[in-house]
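This report goes through one model step by step. Please keep the sequence and the 3D view open while reading.

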Amino acid sequence: MGSRLGGTGVEEPVDRVYVGNINVTARRARELLLGKLKLGDVIDWATTFSLWPVHLLTSCCGAEFAATWSPRFDAEQYGALPWVAPRQTNLIIIEGTVTRKMACALRITYEQMPHPKFVIAMGACALDGGLFYNSYNIVRPWEVVPVDIYIPGCPPPPEAVARAIIELRRKIREKKLASRWLVEGWRHDREPVKPVDDVCKWWRP
Amino acid sequence: MNLEEVVELIRGALGDLAKEITVRKGYVEVVVNPGDVVTAATKLKELGFDHVKSVTAVDYPKESRIRVTYHVSSYLRDDLARVIVGLSVDLSRENPVMDSLVGVWRSSEFQEREVYEFFGVVFKGHPDLRPLLLIPELAEKRVLRKDFIVREESIYEGVPHRYQ
Ligand code: SF4
């Protein structure tokens with residue numbers, strides 16, 4: 001890494017990316033994508049910038065979820081875009097309480113998504129029942145799908161949702177989740193979840 | 001039209017069908033026999049009560065009865081829109097069966113399904129009597145009846161002795 005004296009007299013590294021310096025940016029991107037990195041790192045890098053959550057609105061936390069992508073908080077700057085079709089997404093944000101009927105929809109949505117896929121559980125209800133902890137009609141989401149990140153709060157503020165997406169990005173890049181999952185076909189850092197209850201009535205003979 | 005006149009109107013229309021009419025602030029409760037409920041509902045509809053606001057049920061385990069109440073009101077007649085009329089039926093707790101009022105008020109269809117799943121009240125003549133919000137196994141437990149026990153609040157560990 002060389003250095004030169006800038007116009008201000010302060011020594012700056014030459015190959016730092018500046019906004020607007022298109023030549024440096026292009027060269028850095030080429031080095032990043034083709035030069036030094038393995039393909040797996042590129043996959044991880046690409047996955048972190050295209051975490052598209054499926055809009056699975058199960059409960060009142062959905063209001064905060066919507067606010068996260070509104071202009072004020074603008075979670076789209078992290079490369080995340082709420083999308084309607086589960087087959088083109090790779091992230092579920094469980095927005096609050098999951099009732100027994102909705103658990104089936106949650107599991108079907110999860111099964112439909114292509115690998116590598118991730119789950120964020122949002123709100124006290126998705127952690128351990130929250131307000132409805134003694135209700136007869138709810139399930140804990142971690143009994144239905146494997147959860148990567150939990151967001152506490154009732155409801156969690158939009159900043160917390162954005163923070164969870166950043167945290168998930170860090171986790172993917174540090175543990176190389178996406179590329180290892182694609183190469184090995186398995187995720188080693190957690191167990192797969194088989195639903196505790198027969199949520200969709202598929203196990204019946 | 002004030003409340004007394006509405007009550008007189010209802011009393012005149014229902015005649016002997018009404019076993020009991022109770023008036024509270026803006027609310028008139030009419031109790032009829034389970035056999036007469038469709039006739040009474042038809043007469044109320046002819047009077048101008050054109051929609052059902054809610055269908056609900058109350059469980060009285062000590063008296064061994066379930067009271068199903070239809071709250072009806074009017075959109076089209078201004079004078080009747082100020083009151084809510086409760087059309088109530090007392091059913092036995094062991095075998096709660098009554099005639100469905102979907103034929104009279106179409107808006108009661110989904111709400112009768114809810115009463116069916118939460119209290120086990122069977123509505124004869126309902127076009128589509130299935131559980132609405134619960135899964136079928138839960139609906140069999142009749143979860144809103146008083147003898148269904150849910151886990152206690154976290155402050156107590158169980159019910160204190162003096163409340164048992
Ligand atoms: S955590 Fe609070 S806001 Fe979120 S679904 Fe539960 S009750 Fe609603």
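## The ligand shell

Sorted by class, the residues around the ligand comprise seven nonpolar, five polar and no charged ones. This is a predicted model. The residues of the shell are A:S59, A:C60, A:C61, A:G96, A:T97, A:G123, A:A124, A:C125, A:L131, A:G153, A:C154 and A:P155.

## The two chains

Chain A contains seven helices and eight strands. Of its 205 residues, 41% count as buried. Take the contacts in chain A between residues at least 6 apart in sequence: 71% of them join residues at least 24 apart.

Chain B contains four helices and seven strands, and their order along the sequence is α-β-β-α-β-β-β-β-α-β-α. The C-alpha trace of chain B spans about 55 × 40 × 25 Å along its principal axes. Chain B has 164 residues, and buried residues make up 43% of them. For contacts in chain B between residues at least 6 apart in sequence, the share that joins residues at least 24 apart is 53%.

## Where the chains meet

One residue pair is in polar contact between the two chains, counting pairs with both residues at pLDDT 80 or more.

## A salt bridge in chain A

Over all chains, the structure holds 21 salt bridges. One of them joins the side chains of A:D128 and A:R140, at 2.6 Å from N to O. Why does this pair tie together separate parts of the chain? A:D128 lies in helix α5 (residues 124-128) and A:R140 lies in the loop between β7 (138-139) and β8 (149-151), so the bridge ties together parts that are 12 residues apart in sequence.

Are the two partners buried or exposed? A:D128 has 44% relative accessibility and counts as partly exposed. A:R140 has a relative accessible area of 14%, so this residue is buried.

## Salt bridges in chain B

The side chains of B:D90 and B:R67 form a salt bridge at 3.0 Å, N to O. B:D90 sits in strand β5 (residues 84-92) and B:R67 in strand β4 (residues 65-73), so the pair ties together parts that are 23 residues apart in sequence. B:D90 is partly exposed at 23% relative accessibility, whereas B:R67 is buried at 14%.

A further salt bridge joins the side chains of B:K124 and B:D99, at 3.9 Å from N to O. This pair links distant parts of the chain, with B:K124 in strand β7 (residues 122-124) and B:D99 in strand β6 (residues 97-99), 25 residues apart. With a relative accessible area of 24%, B:D99 is partly exposed.

Which residues does the network of salt bridges that share partners contain? B:E29, B:E63, B:R65, B:R67 and B:D90 are joined into one network.

Terms used
Residues numbered from 1 in each chain as written. Chains lettered and ligands numbered in written order. Predicted model: local features only at pLDDT ≥ 70, side-chain atom pairs only at ≥ 80, totals over all residues. Heavy atoms only, no water. Polar contact = N/O pair within 3.5 Å; in protein donor to acceptor, adjacent residues only side chain to side chain. Near = heavy atom within 4 Å. Nonpolar A, V, L, I, M, F, W, Y, C, P; charged D, E, K, R; others polar. Helix = DSSP H or I, 4+ residues; strand = E, 2+ residues; numbered from the N terminus. Buried < 20%, exposed > 50% of the residue type's maximum accessible area, 1.4 Å probe, protein only. Contact = heavy atoms within 4.5 Å. Salt bridge = Lys/Arg side-chain N within 4 Å of Asp/Glu carboxyl O.
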